[in-house]
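Here are a few exercises to work through with the model open beside you. Try each task before you read its solution.

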Amino acid sequence: MTEAIRVEGLVKTFGQFRALDGLDLEVRTGEVHGFLGPNGAGKTTTIRVLLGLMRADGGTARLLGGDPWSEATALHRRLAYVPGDVTLWPNLSGGEVIDMLGRLRGGIDTDRRDELIERFALDPRKKCRTYSKGNRQKVAVIAALASQVELLIFDEPTSGLDPLMEVVFREVVARERDAGRTVLLSSHILSEVDALCERVTIIRAGRTVESGTLSDLRHLTRTSIQAELARPADGLDTLAGVHDLVVEDSGVRFSVDAEQLDQALARLSAAGVRSLVSQPPTLEELFLRHYESAPAAAAPVERPAGVAR
Amino acid sequence: MSVSTRPAPAGTATPAPRSSDLTGTGKLVRLILRRDRWLLVWWLVLALYPASAARSLDNLYPTAADLQRFADDMLANSALTALYGQLHGASLGEVTAWRIGSYPAILGLLSLLVVIRHTRVEEAAGRRELVGSTAVGRHAGLVAALSVTFLINIVVALVIAATLRGAGLPGAGSLAVGAQFAVGGCVFAAVGGLAAQLTTSPMAARGIALGTLGVTFLVRALGDVSAVNGGALGWLTWLSPIGWAQQIRAYDSNRWWVLLVALAAVAVLSATAVAVSARRDIGSGVIDERPGPATAAPGLRSAGALARRLQRGSLLGWLVAFAVAGLLYGSVARTVADSIDDDGNGRLRDVLARLGGTGAAVDAWLSAMMGLMAILAAGYAIQAARRLDAEESGQRSEILLATATGRLRWAAGHLVFAFVGPALLLAVGALAAAATSGEAGRQTSRLLGAGLAQLPAVWVLAAVTVALFGLLPRLAAAAWGALALCVLLGDVGAALDLPQGLLDVSPFTHTPKLPGGDFSAMPLIVLTAVAVVVTAVGLTGLRRRDMPAN
């Protein structure tokens, strides 16, 4: 099995509202896959369909080679899930919840559990009622990581963790990746996805807008340039692919599409470059572009690499 | 600067409430009214009950002589004194006020639940922290919850006074009955406010407040029974807020000064709650939480085991309550039987018949009490089944259902309690009643059978709860409405001469009235079949629908 998750044209409606509107998602076995999108884009709904908690109205979904709805219980033995908003049983201790969830999946690795409890600095004797949001999240994350499963599904797992614990989370997930486990990581914390994921899927309003490796996607974004020039530069404003051009006394600022970078630089050097600051596209920019006014008309799901060059 | 070891505001050792501590109270009052508007409407419906009780008594006992004979019978009856309180006179007003004597306790129950809902529940859910970070004083939440509850109780009191006056009863006495209800509501609202400060868990706070209500009810019952029979324990009544409410003696002497006692209690309890609230951190209590085990016991490895863990405390509490109730009902069975036999016109028998009691005197009493227990057991069944709903809307079911736990197995863990729990409750209640009835040898098997014969009706209500949860999860709370309808049909249906077709809606109409009544198996088989089918339909709905429901 080379695909842990394959979702095609998934549709889910709540009354009039189309939460998922033809969503596609492909997660290969053994990869850490970033699942990005703004709040309300449909990340949680997609995960709930994959977990057999919700039934899709259209499209297909396959999980670990099985049907997520009809084979839910058997499939769940092989995966662990951490919801975005973790609520636990107030009168159980954190340690009890970790053990119970592990046993309800494929079993729990107690050495791994003890190690994780220590790394995340969790007091497992406290009742869940007294845990903060971050601590409840730690309980669910530890329970997932210590479970003997093939697939880990995290829905915004670090939204309540402090920066120190975020680092711990990244380290332990990197270890899972190296151990060959598949991870679906839904997030809007971009640095986390940047650090952990080989491939990402970006969704917006229930549709997939981009999917591919991070380097694929970087080709699609603009590099921002700030240059000090000896003479005014000619022809920048007429060059296709140059955006947000600002001409100042001593130089220019603009952003430029990857495919026009070469020509833009040629015009700059013709005008005598005194200093140049160029910033590579950050994931933030990549992400923001898809938040902005919708390229709603179906953007190609996986753009052929040739177009970018 | 003085430094306090307590986390008191601004480093003062004993913070006196300042006006800034109350900033935003008005806004929170509006928030509570917005969130609970429907609950509050239902509360007002309760206010219409006294006037309808007055009309119903007026119909049953149209002349002064009828009322006098009824009052004489009641006076001689310790069990009813324990249930309703002391009866002081035989006018329609006095008899009405007596008949509804325990209703202020129901208002108290609602009040304490609402206050805890808007204080400790908010805090445990983390919402108080959010609200507390805005321009809201540190006491605003507690004071707002208490204010709303006091206010609604006063409104209820005025509605009661107006409707009783409208039913032709004297104005002063009607106002006194209203005050009686307001006392029950306001004192227990303050009890709830204090209980909410003591523990970190809403459940424990409810336990403390409900326990207080239960104890004061029993203390009042003991005091009243002692007073009526010339005993020495009459003073016990004065230890109980429910006792104060009744000691106003509406339509008799209308002792308004008793209100001062209640007012003082409300003031002291509320001030204590505010003082405790000022001395503690947000999210903490006075009674500390003990740490739990670091690892789970070997048995905690299935959804069923989790359900047992979540449900056992509640079932244990109900079992104790049924045992106590059974012991009480059993012990007064003889006394009641004697008073029924002395009652030449059979009026008391009428009263019991309306409660579902038939047959010989002792049996009439016992079967009426079995009917009551069946209603309570149905309350437990609904509560236990609705735990599914609580788990789902509390988002705890999601992480569980993402493990290798199927929906049916998850549901089954809780439904075992909804279906087997009532059997245990009825059995314990029956055995306890038999033990104190004075003829344990004869009554044990009779009462056990009588209790278990009610079970199919209880199951139907549990099944309705499951069906609502599976098919119409948004309306799951309507299960309580179904039980209320059954109670209403049983309580007033016969008196109002409602058509049999309507009465038949309640499953309790069909269960045999045992001991003493005719037994027939057919209704029990039909009711059980209905329960099975309705449950199956509900579970099918649960399997097919989205979770969480939207």
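Predicted model: local features only at pLDDT ≥ 70, side-chain atom pairs only at ≥ 80, totals over all residues.

Residues are numbered from 1 along each chain as its sequence is written, chains are lettered from A in the order in which they are written, and side-chain values use heavy atoms, leaving out hydrogens and water.

**Exercise 1.** Describe the make-up of chain A.

Step 1: Chain A holds eleven helices and 13 strands (DSSP runs: H or I of at least four residues for helices, E of at least two for strands).
Step 2: Of its 309 residues, 52% are buried, meaning under 20% relative accessible area with a 1.4 Å probe, protein chains only.

**Exercise 2.** Find the largest nonpolar core and look around Phe120(A).

Step 1: A nonpolar core joins buried Ala, Val, Leu, Ile, Met, Phe, Trp, Tyr and Cys residues through side-chain atoms within 4.5 Å.
Step 2: The largest one has 142 residues, and Phe120(A) and Phe508(B) are among those with the most contacts inside it.
Step 3: Helix 17 of chain B (residues 361–393) contributes the most, 16 residues.
Step 4: Beyond four places in sequence, the contacts of Phe120(A) include Lys138(A), Leu145(A) and Phe169(A) (heavy atoms within 4.5 Å).

**Exercise 3.** Locate the domains of chain B.

Step 1: An automatic or database assignment gives domain 1 (19–281) and domain 2 (307–550).
Step 2: Their centres, taken over C-alpha atoms, are 27 Å apart.

Notes
Buried < 20%, exposed > 50% of the residue type's maximum accessible area, 1.4 Å probe, protein only.
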